[in-house]
Amino acid sequence: MFTNPQYGIFVLISATLLTSVVALLVAVPLGLMAAIFLSEYASRQVRGWLKPILEILAGVPTVVFGYFALLAVTPILRLFVPGLQTFNGLSAGLILGFAILPTIASLSEDAIYAVPQSLRQGAYALGATKRETITNVVLRAGLSGIVASIILGVARAVGETMIVTLAAGQNPTLTLDPRVPIATMTAFMVQVSGGDVAVGTIKYKSLFAVGMTLFLITLVLNIFSFWFVRRFQEKYE
Amino acid sequence: MQTNSPAVGTGTAFYVDNTDYYYGSFQAVRDVTLDIPERKITAFIGPSGCGKSTVLRCFNRLNDLIPSAHIKGRITYRGVDIYDKGVDPIDLRRNIGMVFQKPNPFPKSIYENIAFGARINGYKGDMDELVERSLRAAAIWDEVKDKLKESGLSISGGQQQRLCIARAIAIEPQVLLMDEPCSALDPISTRSVEELMQELKERYTIIIVTHNMQQATRVSDMTAFFNAEPTEKGGKQGYLVEYAPTQTIFNSPQMEATQDYVSGRFG
Amino acid sequence: MTTADSSKDLNQISDSASGFDSNLAGRYQQDKIFRIAALIATLAGLVVLGFLVFDILVDGLGRLLQNFPSFINSFPSRSADRAGVLSALVGSILLLIITALAAFPLGVGTGIFLQEFGGDSWFSKFVEVNIGNLAAVPSIIYGLLGLTVFVDLLFNVTGGRSVVSAGLTLALLILPVIIVATREAMKAVPDSLRLAGFALGSTRWQVIWEHVLPLALPGILTGTILALSRAIGETAPLIVIGAATFVPFLPTNLKDSFTALPIQIFNWTSRPQAAFHANAAAAIIVLMVLLLTMNAGAIFLRNKFQSER
């Protein structure tokens with residue numbers, strides 16, 4: 001499997017890419033819109049109710065999401081998606097998206113909430129509607145925090161393990177077809193670890209090679225996030 | 001640029017008829033009756049907490065953004081009740097521009113700061129031309145013409161405030177509301193904004209809130225003096241003491257409180 | 001408030017609007033669509049959460065109640081019907097204790113150091129940036145770290161793939177969270193209190209120990225409990241450390257091999273038989289009850305804290 005010299009780690013990276021992209025397609029728009037709703041539209045009471053519920057969603061152990069993706073979501077999706085197999089990137093990615101949604105929503109909301117009221121008033125005073133104020137001024141002003149939240153979401157999607165292991169499978173395949181079993185980097189690490197790896201064997205070493213790659217990816221994402229926030233953070237008095 | 005008929009230009013812009021201003025059940029300002037002349041500068045002065053900003057923010061219904069804020073009474077602009085249900089606040093604000101206490105340029109380029117208001121309001125003309133014209137009218141064109149693509153936050157505070165004035169006049173309003181526009185500026189920037197106001201009053205009705213009495217005497221034609229008194233519940237309630245030509249307010253006011261305030265005895 | 005009316009009224013007062021076509025009706029329509037979209041996005045997360053809870057209750061509640069209390073006090077078995085979560089539950093609670101004992105003093109100590117003594121030195125900045133970074137590091141990487149340090153290097157101390165190795169690994173995982181919570185809680189203590197202590201001639205340590213910490217403690221505890229509840233739901237690092245999936249005994253010392261609820265859930269979920277899936281759902285309910293209890297404790301502490309202030 002992994003030792004197939006033809007593909008090497010790229011099989012795993014492509015699978016991680018696939019599930020992460022699906023997850024971000026869910027989590028970025030929903031998380032951002034939820035952040036906008038909580039910060040700009042919801043009354044104080046509604047916000048007081050919704051935020052703790054989102055925190056509960058954030059606190060659900062990922063193995064539980066994995067169970068849910070494999071045994072509840074996939075069977076339902078199979079009714080609509082022809083050719084969807086028991087293990088697939090689509091279902092894993094979708095639920096992975098909901099797992100990281102609270103991260104993006106909560107941190108984006110902090111960024112949006114921190115935009116000074118004076119900027120909103122400036123836009124309203126020009127005859128802007130609420131949506132125009134939000135999309136043209138507020139989101140732009142909170143951009144550095146929003147991007148930081150999305151990058152953290154990407155890092156979590158790339159490093160998440162149990163949802164993709166349970167729902168996407170452990171079958172290294174070089175494909176971008178979201179309907180078939182694949183093995184992400186993290187799923188590979190679980191698979192190797194589960195087999196009681198002996199120290200010093202090739203398998204043991206490959207575990208660390210994949211882990212190091214994963215770590216470097218999240219490190220690069222982090223550094224980019226720091227750089228972006230520094231570069232684009234607006235200083236308001 | 002505008003061809004306002006002189007007949008309109010010499011009349012009354014706003015008429016505030018016996019109006020009270022509330023936040024929830026709290027009456028913040030009571031009994032305001034005023035008529036604001038067109039194409040003149042009217043100054044609102046008074047100690048802090050007297051409600052002059054509250055009164056100002058009702059002329060473009062910006063106080064609508066605070067859910068509990070409302071008025072009792074009647075404010076008309078050119079004879080139209082601006083709180084009538086047929087009047088749309090968004091459309092009203094297009095016609096009644098506003099400049100704020102602290103410069104609040106958008107985190108966009110200088111060009112986009114000007115173009116934003118025009119674009120959302122469906123400006124049909126040439127945008128480049130509008131941007132240049134607005135920046136020229138705000139006397140800042142020469143300073144920024146070579147860096148239109150740079151952030152509106154990259155220029156000095158005084159320049160930012162003139163950028164905000166340019167932004168406000170880009171959508172061709174008839175009125176400019178200015179809420180202590182120079183309070184965050186140094187004396188030199190303040191002077192340039194004051195000079196600009198003298199030019200702008202040729203075409204716009206201007207209402208300025210200021211805590212600086214010298215500024216009121218320098219720039220305004222009419223002055224309204226607001227005062228505050230403690231309420232039973234411990235808050236402060238504002239009321240209009242006196243409204244007259246600026247000369248009168250500062251040289252021979254009718255009310256003792258006005259005399260005390262303009263001579264610096266309190267406030 | 002019809003837009004037709006408003007445009008008529010405003011034409012009355014607008015004499016300079018010739019260059020503009022405000023299209024208010026269209027813009028209000030966009031506003032409405034945007035607001036509804038934002039609402040739907042917010043509800044989507046809640047709907048998924050609701051469906052998840054419903055699905056797990058439907059799948060697992062029957063098994064849990066039907067085999068109660070044998071599901072709680074039985075060991076795993078090859079027969080789904082007779083299997084229970086005893087060793088997993090005990091393992092999780094043991095991990096909780098080890099993790100708390102390791103992470104709490106270390107995390108609080110580091111937090112105090114950074115907040116009260118760190119100042120603006122390059123060292124504290126370096127530590128801070130690293131702590132920020134660690135939050136984004138995947139938990140499975142912590143598993144690898146634990147595998148190297150606790151399982152391999154400290155084999156003689158930990159006994160290898162043991163419950164103490166796992167507990168220490170989880171402690172590393174939540175350390176940054178506890179440090180941040182400690183700093184936040186200490187920041188919230190007013191400076192006037194510190195100054196008052198110094199004015200009475202107390203030393204720095206006395207001020208921290210007698211005045212600052214007691215006030216910050218509820219906040220620190222809340223943060224710690226929330227971090228622990230995250231640790232207790234973690235699966236991936238335990239798998240890498242080498243948690244066993246079939247443990248028909250209770251650990252008698254810290255060097256024993258172990259399993260935990262998430263591991264048991266993972267194992268049962270991965271099996272093809274539906275009967276084991278019901279077991280997994282029932283174990284999820286047990287895990288969720290454990291987590292909810294911990295969270296309720298944290299909320300209780302937070303509320304108590306807030307009402308005292």
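This talk walks through a few local features of one predicted model.

A word on conventions. Residues are numbered from 1 along each chain as its sequence is written, and chains are lettered from A in the order in which they are written. The model is predicted, so local features need pLDDT of at least 70 and side-chain atom pairs count only at pLDDT 80 or more, while totals for chains, interfaces and linings use all residues; side-chain values use heavy atoms, without hydrogens and water.

Let's start with two helices in chain C. Helices here are DSSP runs of H or I with at least four residues, strands are runs of E with at least two, and both are numbered from the N terminus. Helix 8 of chain C spans residues 163-187, and helix 10 of chain C spans residues 204-232. Their axes come within 8 Å and cross at roughly 140 degrees. The axes are lines fitted to C-alpha atoms over the stretch in contact, and angles run from 0 to 180 degrees between N-to-C directions.

Which residues meet there? From helix 8 of chain C, they include Leu170(C), Ile174(C) and Ala181(C). From helix 10 of chain C, they include Val212(C), Gly219(C) and Arg230(C). Contact means heavy atoms within 4.5 Å. By class, this contact has 15 nonpolar, four polar and one charged residues. Ala, Val, Leu, Ile, Met, Phe, Trp, Tyr, Cys and Pro count as nonpolar; Asp, Glu, Lys and Arg as charged; the others, Gly among them, as polar.

Next, empty space. Rolling a probe the size of a water molecule over the atoms shows where empty space is left. The second largest pocket holds about 880 Å³. A pocket is an open set of points on a 1 Å grid over the protein atoms alone, where a 1.4 Å probe fits, with protein on both sides within 12 Å along at least five of seven lines; lining residues have an atom within 4 Å of a point. The volume is the space filled by probe spheres set on the points, which are joined across faces, edges and corners.

This pocket is lined by 31 residues, and the closest to its centre are Glu40(A), Tyr124(A), Lys130(A), Leu65(B) and Pro67(B). By class, the lining has 15 nonpolar, six polar and ten charged residues. Among the helices that each supply at least two lining residues are helix 1 of chain A and helix 2 of chain C.

Now, two covered helices. Buried means under 20% relative accessible area, exposed over 50%, and partly exposed in between, with a 1.4 Å probe and protein chains only. In helix 12 of chain C, residues 261-270, nine of the ten residues are buried. Among them are Phe266(C) and Trp268(C). Why is helix 9 of chain A called largely enclosed? Because eight of its ten residues are buried. Phe188(A) is one of those.

Most residues other than glycine have a negative phi, and most peptide bonds are trans. Phe68(C) and Pro69(C) are joined by a cis peptide bond, with omega about 5 degrees. Pro69(C) sits in the loop between helix 2 and helix 3 of chain C.

Arg39(B) is not a glycine, yet its phi is positive, about 55 degrees. The loop between strand 2 and strand 3 of chain B holds Arg39(B), which is partly exposed at 24%. Asn23(C) also has a positive phi, about 50 degrees. Asn23(C) is partly exposed too, at 47%.
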